[in-house]
Structures are given as C-alpha cells and as structure tokens.
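Please keep the sequence and the structure in view while going through the numbered points.

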Amino acid sequence: MALDLEQIYRDAGAFLEGHFLLSSGKHSQYYLQSAKVLEDPNVAEKLATALAEEIKKSGIQIDTVCAPALGGVLAGYELARALGVRSVFTERVNGEMTLRRGFEVEKGEKILICEDIITTAGSALEAAKCVQTKGAEIVGFAALANRGFCSRFGSGKEEKANCKLPEGTKFFALGDFEFDIYDEESCPLCKEIGTKPIKPGSRNN
Ligand code: ZN
C-alpha cells in the first residue's frame, strides 16, 4: 500500500488539531474530517480504488455496498463504483437506522458495509443489522480509515475491547489513525489547558 493516508488527510485540511467533543461524548485532541478529503472527487476515487483492490484481493463476493448516512455515503458510493457494484445507504429515522428512498435488498444479497472512518463501528453495525433483518448477508466492513480500536484485515494488530464488530468479521481500511480519546473527567485538555471542547462539524469546523 503506497498511499500515505495521514498525509492525504493533512493535505486536505482534514486532520484537525484542537479539543474536540466526539459523537460518543469522549474528548480528543484530534479529529478526522473525512468530508474534506472527499470534497475532491479525484482523491475520493483514488482512495476508493485502493480500498477496492484490498477487498478484491481477499476474494470476497459483493453484490452491494451499503453505507450509514451521512458519514459513509460518499465513501460508500465511490467504493461501489470501484468495485462495480450497487450502492445504497441507511439513515436514522427517530434514532433508528432504516433503509428508505425505495432502496431494497434481496434475501441472500451479499452486502459490504462502508463507513468513512470506523471508530468502534457502532453506526456500521446498526446499518448491518438493518439490512440483515431484510435477509441480506453481511460479507464484511470497510472504511477509508480505522481509528485503531478494531483490527483491519492484514494489519496483524489486536482488536481492542470497545470494537463492536463481531468476531471473525472481515474489516478493510487503508490505514490506522491511532490517538487517545478521553472521558471528560480525565481529559488533559480540559484539566491542564482549561479549554472547552468543540463539536466538530459545528460552525466553522
Ligand atoms: Zn476535554
């Protein structure tokens, strides 16, 4: 893999440094804003093509890529194009992941779930369950980047306790971004620097 994922994120201004409040409620000094990487369709295509190559090498068969909205949609669409398969997405309605907009999946359809970034894989797993209830078969998970809690295919790294992916699941990503996340009580940015965390995506983030 010749891609330098961190450099690509940095070049796109997508590797943010500061004090962030993550959707999980944890605090972090860094935040990955994948939308900034994917705003250049050429970069999106390059990343998706590299990811598709990794997936093809594994030999798994895929009918459809399914992404949890909103974060996974662009990555999932580009990955589906690179794999030459169909692309659908799930979205939350009153908090519950659902398949809408006329999207249908068939019984036995082989589906790969795609995210921009997999942290503990919570949303990815909800999307998987949503299509599984319609009879689809989940053949694996994919993301542009892995935050290092789950173990990506071929990395040889141990999965951590908070990874929600079922044991034995194939998970593909282009690289690992490992950095600490903190509970509010033990966050050194709150304690030592005394700044307030900001929610990425709000205002100018
Ligand atoms: Zn903090």
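In which loop does Arg101 lie? Arg101 lies in the loop between β5 and β6, where strands (E, at least two residues) and helices (H or I, at least four residues) are DSSP runs numbered from the N terminus.

1. Basis of the note. This is a predicted model, in which local features need pLDDT of at least 70 and side-chain atom pairs count only at pLDDT 80 or more, while totals for chains, interfaces and linings use all residues. Residues are numbered from 1 along each chain as its sequence is written, and side-chain values use heavy atoms, with hydrogens and water left out.

2. Arg101, a residue other than glycine, has a positive phi near 60°, and with a relative accessible area of 59% Arg101 is exposed (exposed means over 50% relative accessible area, buried under 20%, and partly exposed in between, with a 1.4 Å probe and protein chains only). Asn94, which is not a glycine either, takes a positive phi of about 50°; Asn94 is found in the loop between β4 and β5 (96–99) and is exposed, at a relative accessible area of 83%.

3. The cis peptide. Ala69 and Leu70 are joined by a cis peptide bond, with omega about 0°, and Leu70 is found in the loop between β3 and α4.

4. The zinc site. The zinc ion has as its protein donors His19 (NE2), His27 (ND1), Cys187 (SG) and Cys190 (SG), which lie 2.1 to 2.4 Å from it; donors are N, O and S atoms within 2.8 Å of the metal (3.2 Å for Na, K and Ca), and sites may look incomplete because water is not among the atoms. The angles among the four donor atoms are 97 to 115°, and the site is tetrahedral (four donors count as tetrahedral if all angles lie between 85 and 135 degrees). Along the chain the donors of the zinc ion follow the spacing H-x7-H-x159-C-x2-C. His19 is buried, with a relative accessible area of 6%, and His27 is buried as well, at 3%.

5. Helices α3 and α4. Helix α3 (residues 41–58) packs with helix α4 (residues 73–83) at an angle of about 55°, their axes being 8 Å apart, which makes α3 oblique to α4. Axes are lines fitted to C-alpha atoms, for helices over the stretch in contact, and angles run from 0 to 180 degrees between N-to-C directions; angles under 35 degrees count as roughly parallel, over 145 as roughly antiparallel, 65 to 115 as roughly perpendicular and the rest as oblique. Residues of α3 including Ala44, Ala48 and Ile55 meet Glu78, Leu79, Ala82 and Leu83 in α4.

6. Which residues of α4 are buried? They are Ala75, Gly76, Glu78, Leu79, Ala80 and Leu83, and what covers them includes α2 (34–38), α3, β3 (64–68), β4 (86–93), β6 (110–118) and β7 (137–146). Just after α4, Gly84 takes a positive phi of about 70°.

7. Glu126. Glu126 belongs to helix α5 (residues 122–132) and counts as partly exposed, at 31% relative accessibility. Leaving aside residues up to four places away in sequence, Glu126 touches Arg92, Gly95 and Met97, contact meaning heavy atoms within 4.5 Å. From C-alpha to C-alpha, Glu126 and Arg92 are 9.6 Å apart in space, and they are 34 residues apart in sequence.

Conventions
Tetrahedral: all angles 85-135°; square planar, octahedral: opposite > 155°, others 65-115°.
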